[in-house]
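Please examine the sequence and the structure shown below before reading further. The report is intended for a reader who is new to describing protein models.

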There are 2 protein chains.
Amino acid sequence: MTRSVDTWLLPDGVADVLPAEAARLEALRRRLLDRFAAWGYQLVFPPLMEYLDSLLTGSGHDLDLMTFKITDQISGRMMGVRADMTPQVARLDAHCLPVDGPARYCYAGTILNTRPVGLAASRCPVQIGAELYGSADVAADIEVLRLMLDTLALAGCRELHLDLGHVGIFGGLAQRAGLSADEETRLFDIYQRKAVAELREFLTARPLPDDLQAQFEGLLRLAGPASVLSAARELLAGTSADIDDALAALDAVATALTTSHPGVTLYFDLTELRGYHYHTGLVFAAYTPGARTELAKGGRYDHVGEAFGRARPATGFSADLKSLLAYFTHDAGTALIVAPAGEDAALLAAITRLRSAGETVRQLLPGEAAPATGRHLVAQAGQWIVMPS
Amino acid sequence: MTRSVDTWLLPDGVADVLPAEAARLEALRRRLLDRFAAWGYQLVFPPLMEYLDSLLTGSGHDLDLMTFKITDQISGRMMGVRADMTPQVARLDAHCLPVDGPARYCYAGTILNTRPVGLAASRCPVQIGAELYGSADVAADIEVLRLMLDTLALAGCRELHLDLGHVGIFGGLAQRAGLSADEETRLFDIYQRKAVAELREFLTARPLPDDLQAQFEGLLRLAGPASVLSAARELLAGTSADIDDALAALDAVATALTTSHPGVTLYFDLTELRGYHYHTGLVFAAYTPGARTELAKGGRYDHVGEAFGRARPATGFSADLKSLLAYFTHDAGTALIVAPAGEDAALLAAITRLRSAGETVRQLLPGEAAPATGRHLVAQAGQWIVMPS
């Protein structure tokens with residue numbers, strides 16, 4: 001019988017996870033959640049849907065476009081199917097779990113995206129992540145970064161590259177220059193495209209002091225290994241307290257990670273401002289050679305709880321479990337034992353015993369063919385015993 | 001600081017799962033999926049959304065009303081967020097995994113319902129279930145029933161009551177009486193309400209042979225323990241091959257479960273036709289005293305794959321993991337170890353060692369208060385050791 005494996009039945013970016021892959025996905029999920037727990041992060045499961053207001057809180061326009069909208073037939077209000085779990089966990093921290101000191105949460109769950117993010121990306125990723133609330137100390141960023149690197153190593157990712165930036169440096173310079181919100185957005189866009197000529201044009205069109213001009217221009221060159229941080233200090237130190245704090249945070253992260261994760265390549269880029277409108281401090285993303293997009297990303301977003309009435313310092317990271325699966329090698333569980341059909345009491349008791357002991361036992365149905373190889377449960381001298389293949 | 005636990009932020013029937021409960025939910029999920037695996041059921045994860053056509057296949061109007069509709073921005077086609085995973089697994093069996101003999105699948109995942117099912121029900125249940133395709137033998141129904149009872153016992157449900165029916169008996173009589181589809185629906189409705197007077201009226205208004213009249217009337221009395229099956233045979237045996245098959249299936253189930261699950265109360269009801277338009281054979285539901293709705297339910301639905309081009313015999317069951325959680329008692333994991341803040345290399349190494357050994361270690365952040373009780377990691381004579389509380 002020829003039958004094609006039909007993917008045409010499913011929408012673009014939507015896929016089934018079939019048995020072999022599903023077992024690996026489940027194993028990876030458990031391994032990572034167990035590790036989060038070992039670090040003292042408490043598991044939470046926010047709901048798959050909630051009112052759009054709370055889902056999109058503090059997140060900006062992009063998340064709005066990524067979120068499927070549905071109408072609540074009970075209240076008539078607009079709900080969304082979450083496209084990101086981070087705002088949900090912020091709501092939990094602000095409202096449901098009002099701990100005063102630091103609080104650590106982790107989560108795993110399916111999210112839906114209206115459009116794929118990047119090439120060949122899933123529209124049903126399984127988002128997994130960890131968030132640390134209540135500490136503005138750089139030690140919190142370092143803890144989260146280490147947990148992220150630990151997570152990726154556990155998933156089997158090798159040759160990790162970590163991109164690090166800090167939105168406080170660009171933000172501090174923009175503030176010093178007295179840029180309007182529009183100008184700041186335009187300049188931000190210029191940096192993202194690393195458009196040197198456009199940057200010069202933008203700067204010369206404005207009456208900025210020479211040192212600030214030089215700082216804006218110099219920022220574009222501040223990309224590379226930890227050694228760029230001393231160049232950054234030379235160019236920027238003393239400009240403002242915010243910028244000094246940002247430089248100190250980057251230094252502390254560089255020192256801590258060089259010590260604890262000497263195998264990870266650190267790359268600093270002071271104009272890499274992913275999620276600038278969302279993040280408030282350190283931003284980071286982990287890559288591995290050959291991957292199209294980042295493996296995991298995160299950063300500090302101290303204002304996230306504000307809309308929920310409780311602005312707490314916050315830092316965290318997230319990843320797509322399905323993407324990580326490509327790196328994960330997992331031994332399939334125990335080999336199958338095949339048992340014959342029938343209602344024999346001793347047979348049924350033997351099957352129950354084996355299953356309780358962790359074995360996988362398939363009892364054949366009448367007419368079901370036994371696989372030629374593998375272990376079998378057979379009766380010998382009145383005893384049911386497992387015969388090796 | 002007083003702060004209320006706000007549930008008003010979430011829509012009706014939508015709730016967060018907070019840490020203590022989330023840990024139990026995760027533990028129950030793992031325990032049940034592991035047991036499904038031990039029975040030879042392969043895990044699959046169908047996607048959270050897909051085209052509405054495939055989601056609603058063979059399922060009837062009720063599921064349509066329960067399903068949130070969303071527009072696919074890529075194809076312009078209508079999609080749905082699944083309200084039931086059973087049709088998805090049927091699609092997998094028909095299209096993606098064309099096994100010729102029996103195939104066993106299990107699944108766990110969040111579903112969304114437009115409206116709560118029953119009082120105080122969640123609109124974001126976590127559906128968990130198992131399906132057995134490719135065998136029309138009653139041994140397949142028995143296997144699925146035993147797995148369901150085993151699942152509920154593992155979840156901590158005690159005093160189980162199992163309601164059993166078979167749509168083939170009502171169906172066989174309706175066919176013999178030559179009822180139109182409309183008449184059949186009306187009669188079905190009368191039986192669901194156990195409306196004796198209406199039944200008499202319905203029957204006397206039609207020119208039915210005396211024995212068929214008596215059978216339709218007698219059906220209403222066929223509800224009770226396994227002993228009703230002999231009364232059923234007296235009333236119905238020899239009426240049609242379908243009815244004889246149905247009676248034989250109920251007999252086989254009664255014998256098998258009485259032997260393997262003597263503690264479970266069996267209740268047969270030949271007019272209990274849950275999912276009549278969907279099911280094709282045995283139907284069942286498990287209850288426990290004090291619960292508002294069934295703990296788990298299922299049945300045979302041999303036509304489910306038809307719309308996907310492959311009608312295979314099928315039987316299975318499903319339950320809501322969140323509802324089962326009420327019965328599940330679970331020991332919280334290892335007690336927390338609290339470690340001091342800092343970057344001391346020996347301290348970090350000790351923390352890593354403990355976490356890898358399965359311990360939960362929270363490293364304090366600068367300014368984070370240590371809990372007064374519990375185990376602590378402390379330095380003594382140059383060694384980091386765990387001090388009991």
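## The model and its two chains

The structure is a predicted model. In general, two copies of a chain are related by a rotation about an axis together with a shift along it.

## Where the chains meet

The contact between the chains involves 80 residues of chain A and 80 residues of chain B. On the side of chain A that touches chain B, helix α1 of chain A (residues 19-38) supplies the largest share, with nine residues. Sorted by class, that side of chain A has 47 nonpolar, 15 polar and 18 charged residues.

Of the interface residues of chain A, 100% are also interface residues in chain B, so the copies meet through the same surface.

## Domains of chain A

The domain assignment divides chain A into domain 1 (13-159 + 288-333), domain 2 (161-269) and domain 3 (337-387). Taken over C-alpha atoms, the centres of domain 2 of chain A and domain 3 of chain A are separated by 67 Å.

## A three-stranded sheet in chain A

In chain A, three strands form an open sheet with antiparallel pairing, in the order β2-β4-β3. Its edge strands are β2 (49-51) and β3 (68-71) of chain A, each of which pairs on one side only. On average, and with direction ignored, neighbouring strands of this sheet are turned by 35 degrees against each other.

Four bridges connect β3(A) with strand β4 (residues 78-81) of chain A, in the antiparallel sense. Ile70(A) stands opposite Met79(A) in β4(A).

## A nine-stranded sheet in chain B

In chain B, nine strands form an open sheet with mixed pairing, in the order β1-β5-β6-β12-β11-β10-β7-β9-β8. The edge strands are β1 (42-43) and β8 (223-224) of chain B, and each pairs on one side only. Strand β8(B) runs antiparallel to strand β9 (residues 265-269) of chain B, and two bridges join them. Gly224(B) stands opposite Phe268(B) in β9(B).

Helices pack on this sheet, among them α4 (residues 86-96) of chain B, which touches β5 (103-110), β6 (126-133) and β12 (314-320) of chain B. The direction of α4 makes about 140 degrees with that of β5(B). Helix α11 (residues 241-260) of chain B also packs on the sheet, touching β7 (161-166), β9 and β10 (282-287) of chain B. The direction of α11 makes about 160 degrees with that of β7(B).

## A closer look at Leu55(B)

Leu55(B) lies in helix α2 (residues 52-56) of chain B. Is Leu55(B) buried or exposed? Leu55(B) is buried, because 25 other C-beta atoms lie within 10 Å, and a residue counts as buried at 20 or more.

Leaving aside residues up to four places away in sequence, Leu55(B) touches Glu50(B), Thr67(B), Gly80(B), Arg82(B) and Pro87(B). One of these, Arg82(B), is 27 residues apart from Leu55(B) in sequence, whereas their C-alpha atoms are 6.6 Å apart in space.

Conventions:
Residues numbered from 1 in each chain as written. Chains lettered and ligands numbered in written order. Predicted model: local features only at pLDDT ≥ 70, side-chain atom pairs only at ≥ 80, totals over all residues. Domains from an automatic or database assignment. Pairing = 2+ DSSP bridges. Axes fitted to C-alpha atoms, helices over the stretch in contact; angles between N-to-C directions. Contact = placed C-beta atoms within 7 Å. Buried ≥ 20, exposed ≤ 12 C-beta atoms within 10 Å, placed from the backbone. Nonpolar A, V, L, I, M, F, W, Y, C, P; charged D, E, K, R; others polar.
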